[in-house]
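Biologist: Could you take me through this model, feature by feature, and tell me how each one is read?

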Amino acid sequence: MTEVKSKLALLGGSKAVTQQERDMFTWPIITREDEKGVLDVLHKRSMSGSDVTKEFEKEFAAWQGVKYALGSSCGTASLHSAMFGCKVGIGDEIICPSLTYWASCLQAFSLGATIVFAEVEPHSLCLDPKDIEHRITPRTKAIVVVHYCGYPADMDPIMAIARKHNVKVIEDVSHAHGALYKGRRVGTIGDVAGYSLMSGKSLAAGEAGILTTNDTEIYERAIAFGLYERYEADAIQTEALKPFAGLPMGGYKYRMHQMSAAVARVQLKHYDARIAEIQKSMNMFWDLLEGVPGVQAHRPPKGSGSTMGGWYAARGLYKPEALEGLSLRRFAEAVMAEGAKCSPGCNAPLHLHPLLNTCDVYGHGKPTRIANSDRDLRQPKGSLPVTEEVVGRVYSIPWLKHYRPNYIKQQVNAYKKVSRHYKELLAGDTDKGVVEVAYHLSRR
Ligand SMILES: *Cc1c(COP(=O)(O)O)cnc(C)c1O
């Protein structure tokens, strides 16, 4: 395949991507098997039951290699239950990256706890182990680790810090189902993990979530919190929970919808094979872009034993310094004009949002962030410089679901062509360097 040498499409040249691949980005893959699963639930009239969900839980626990898996209505609910499982309560603090979706941490407010944000590493976009320890106080109950956009966070040093200070680790695996950290499945390394199975995620069932743990007390506290019908005194080993069986301690009802459980079972069955194809495709994309000025892969180094799972919301990192400061917006505009996927952005840093600074959610008479604490732990602009800077360097890349080398090469060529001809873009670059980021990655 010869590389396109023509002028940039944005400036009137021909496009690098000429092929159309309609189903390349279609996700999740839905077949008759998914349809049958849903219809079976419907005809059994067991949408609100838990028999299908329990089957899914067994399969998911076996797939992850953990003792317990507990389904719930969404990833937000699973992470909320995980926090309660770790005894996050009144006056407590959790440490969480600011670069994540809000459901990694905001549930802490409703438990009477509050949030301290820590930096991410610029190459992984995951919690920086070097920025955790100095933020730990006697109030710190848990560290929430997010495997951001599939990249496995550096768990070994994080676990060492957590063990040293007797703090729990909650893994948010909503972006990284099936990813490996040094050969180990993410979600099995911390004390407990929560996973979204929302339909935009890589393991996609639609408005569902799951929690996994090897810890009986955490598991049972998660049941007690929001699954009253499974909270039975003789089924529970944790003595402290027995007297209150029958009613949900949290006052929540977090049961998974069984149509989602049915879809989840089918999706899980095919998941390893499907993500193997995604991995092959995405690795080819980045292999071909290795050394191209301006772009940097967001993936773990080869030979590390770490992988990106299903490459949820696949991202790249931008290096404007290699292109005389060409703005990411202008660069992306040119790549898109070539017919390839490239759009700037990732989750906006949470510590700058008014909800974390001024909002009095529960009527304490002061902002909830500090009402749930004995100190003002708000983090103004400038307080997390790495996070604040790096969000302006992130862009989405084509999230390739199928291994079709010719099409992948065309996508790659779009990036290469823009990188090679970047000088032509400098003149029309009016961007002030501000990249818009949103509080979500997709609206699905
Ligand atoms: C999607 C997501 C969640 C929440 O999951 P829902 O199923 O949408 O409730 C939590 N954390 C992260 C990082 C997410 O991307």
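**Reading a covered helix and a ligand site**

Modeller: Helix H5 (residues 216–226) is mostly covered, with ten of its eleven residues buried; buried means under 20% relative accessible area, exposed over 50%, and partly exposed in between (1.4 Å probe, protein chains only). Helices (H or I, at least four residues) and strands (E, at least two) are DSSP runs, numbered from the N terminus. This is a predicted model, in which local features need pLDDT of at least 70, side-chain atom pairs count only at pLDDT 80 or more, and totals for chains, interfaces and linings use all residues. Residues are numbered from 1 along each chain as its sequence is written, and side-chain values use heavy atoms, with hydrogens and water left out.

Biologist: What covers the buried residues of H5?

Modeller: Contact means heavy atoms within 4.5 Å, and the cover of H5 includes strand E1 (68–72), helix H3 (75–85), strand E5 (168–172), strand E8 (192–196) and strand E9 (209–213).

Biologist: Which residues are closest to the ligand?

Modeller: A residue is near a molecule or strand if one of its heavy atoms lies within 4 Å of it; here 15 residues surround the ligand, and the closest are Thr76, Asp172, His175, Ser196 and Lys201. Helix H3 supplies the largest share of that shell, three residues.

Biologist: How far is the polar side-chain atom of His175 from an oxygen atom of the ligand?

Modeller: That polar side-chain atom of His175 lies 2.7 Å from an oxygen atom of the ligand. A backbone N or O atom of Gly75 lies 2.8 Å from a ligand oxygen atom.

Notes:
Polar contact = N/O pair within 3.5 Å; in protein donor to acceptor, adjacent residues only side chain to side chain.
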